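The sequence and structure come first.

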Amino acid sequence: MTLAIFDLDNTLLAGDSDHAWGQFLIDQGLVDATVVKAANEAFYQQYQAGELDIDRYLRFSLSFLANKPLDELASLHRLFMELVIEPMIAPGTQALLQHHRDRGDTLMIITATNRFVTGPIAEHLGIPNLIACEAEQQNGAYTGLPTGIPSYQEGKVVRLQTWLDEHGESLDGAWFYSDSLNDLPLLRLVDNPVAVDPDATLAAEAQRQNWPIISLRD
């Protein structure tokens, strides 16, 4: 099995689904606009700088889910998909995914965004394997707290290695596509790293390492 692994936000999507979810909640009048917008922007800037406190961020981003009926959340997410995510899919995404399907590769998304936000996106894109930050549930409802190892920076490597061990697979010949400096640990690990619409730090590293640099937004 050859893995084709994809970051999600600003890679397959021409935008950030986690940040967009916060803005969507503001637009729907479901949260305090002033408080959430300020926090959303601050955390996003920290992420872009590679300085995000992932536990603090997850507690912020998951807090809205706490103790809400799952069917109500699912309905809200369907509206989010229609209004926000489907228009955000990068123009070149489907062709790249089909290229790897045609090669017989196994497709996976690995993302620091939580599974509630990203699960339906992976399903919409037809990607069967997803490693994401996990949201705790108790008694059939979200608690608003994260659980497990966050799939962020080195955590992506740890979570992926666990998945490989559980499935008896390896990274031989694997591809990884990402836009972000936060994904350098995993990009350095795979045989075929690809920078996609990269940030400045990743672009510079890709040039030094002679990694391909592509855009899915053209």
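In which sense do strand β6 and β7 pair, and over how many bridges?

## Sheet

Strand β6 (residues 192–196) pairs with β7 in the parallel sense, over 2 bridges; two strands count as paired if DSSP finds at least two bridges between them. Alanine 195 stands opposite isoleucine 213 in β7.

The open sheet has 7 strands in the order β4-β3-β2-β1-β5-β6-β7, and its pairing is mixed. Its edge strands, β4 (141–147) and β7 (213–214), each pair on one side only.

## Basis of the model

This is a predicted model, in which local features need pLDDT of at least 70, side-chain atom pairs count only at pLDDT 80 or more, and totals for chains, interfaces and linings use all residues. Residues are numbered from 1 along each chain as its sequence is written, and side-chain values use heavy atoms, with hydrogens and water left out.

## Helix α8

Helix α8 (residues 154–167) has 14 residues and reaches 20 Å from its first C-alpha to its last. α8 lies across β1, β2 and β3. Glycine 168, with a positive phi near 65°, follows α8.

Buried residues (under 20% relative accessible area, 1.4 Å probe, protein chains only) in α8 are Gly155, Lys156, Val157, Arg159, Leu160, Trp163 and Leu164. Their cover includes β1 (3–6), β2 (106–114), β3 (129–138) and α9 (184–187).

## Whole chain

Buried residues make up 51% of its 218 residues. The C-alpha atoms fill a box of roughly 45 × 35 × 30 Å along the principal axes.

Terms used: Helices (H or I, at least four residues) and strands (E, at least two) are DSSP runs, numbered from the N terminus. The expected span of a helix is 1.5 Å times one less than its number of residues. Buried means under 20% relative accessible area, exposed over 50%, partly exposed in between (1.4 Å probe, protein chains only). Contact means heavy atoms within 4.5 Å. Axes are lines fitted to C-alpha atoms, for helices over the stretch in contact, and angles run from 0 to 180 degrees between N-to-C directions.
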